[in-house]
Amino acid sequence: MKKLLKTIFKNGFMSVKSVKNNEFGKGEFVTFGRNTTSHGSIVVPVMKDGRVALTKEYRIGADDWVVGIPKGAADQQGESFESIAKRELEEEVGIEFESLMVTELNIFPLPAFAEFHGRVVFAKGCSVVAEPDLENGEAIELYDLVTKEELLNLLKTGGINDAESAAALHHYLTFG
């Protein structure tokens with residue numbers, strides 16, 4: 001496949017590339033990527049009593065609050081999924097855990113436009129132990145602690161409206 005990648009925008013956080021692809025037709029496509037890393041963790045926090053911790057986060061792309069679970073990108077190439085999960089749980093909701101299980105599910109949330117992918121991680125034996133320590137620009141709060149039955153109902157009714165979270169939570173309900 002003949003491609004010509006050209007960076008058309010770059011700042012401290014992300015880059016935008018123009019991609020010419022002549023194998024599948026004429027035209028240019030745009031892809032978005034983080035400058036330093038392209039992987040992260042999507043964490044299902046299971047409390048000691050079995051309930052799952054949900055977050056509510058303002059997302060600029062939706063210009064709305066979305067309900068889901070903690071997630072985040074690696075700070076450096078090669079950072080482990082466990083390290084990312086631990087940091088995001090602490091920063092976003094002040095949660096500590098007893099064990100982590102990195103699953104085989106690797107989610108590409110917008111593969112037509114973005115290079116990013118996240119691995120689903122189950123955090124078991126969680127408890128809230130501190131106040132969140134949000135990064136500049138983040139608006140995230142603990143939304144609710146829900147049972148598996150409540151979680152299933154939220155997925156069914158659209159109460160969980162973040163795609164990465166919905167996929168990770170379906171995986172948890174099936175295999176967790």
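This is a predicted model: local features need pLDDT of at least 70, side-chain atom pairs count only at pLDDT 80 or more; totals for chains, interfaces and linings use all residues.

Q: Which residues are linked with Arg87 and Glu88 in a network of salt bridges?
A: Asp75 and Glu79 join Arg87 and Glu88 in that network. The structure as a whole holds nine salt bridges.

Q: How should I read a charged residue such as Glu91, which is buried yet has no salt bridge?
A: Look for the nearest side chain of opposite charge and compare its distance with the cut-off. For Glu91 that side chain is Arg87, 4.1 Å away, while a salt bridge needs a nitrogen within 4 Å of a carboxyl oxygen. Glu91 lies in helix H1, residues 81–93. Leaving aside neighbours within four places in sequence, Glu91 is in contact with Pro132, Asp133, Leu134 and Glu135.

Q: Which parts of the chain does the salt bridge between Asp162 and Lys71 tie together?
A: The side chains of Asp162 and Lys71 meet at 3.4 Å, N to O. Asp162 sits in the loop between H2 and H3 and Lys71 in strand E7 (residues 71–73), so this pair ties together parts 91 residues apart in sequence. Asp162 and Lys71 are both buried.

Q: Is Glu104 buried or exposed?
A: Glu104 is exposed, because its relative accessible area is 71% and the exposed class begins over 50%. Glu104 belongs to strand E9, residues 99–107.

Q: Now for the nonpolar side: which residues touch the most other members of the largest nonpolar core?
A: Val44, Val52, Leu54, Leu151, Ile160 and Leu169 do, in a core of 18 residues. Strands E4 (39–47), E5 (52–59) and E10 (117–128), with helices H2 (148–157) and H3 (163–175), each supply at least two residues. H3 gives the most, with four.

Q: What is Leu151 in contact with, beyond its neighbours within four places in sequence?
A: Leu151 contacts Val52, Leu54, Val146, Ile160, Leu169, Tyr172 and Leu173. There is also a second, separate core of 11 residues, including Val43, Met47, Phe81 and Val93.

Key: Residues are numbered from 1 along each chain as its sequence is written. Side-chain values use heavy atoms; hydrogens and water are left out. A nonpolar core is a set of buried Ala, Val, Leu, Ile, Met, Phe, Trp, Tyr and Cys residues joined through side-chain atoms within 4.5 Å. Buried means under 20% relative accessible area, exposed over 50%, partly exposed in between (1.4 Å probe, protein chains only). Contact means heavy atoms within 4.5 Å. Lys and Arg count as positive and Asp and Glu as negative; His and the chain ends are not counted.
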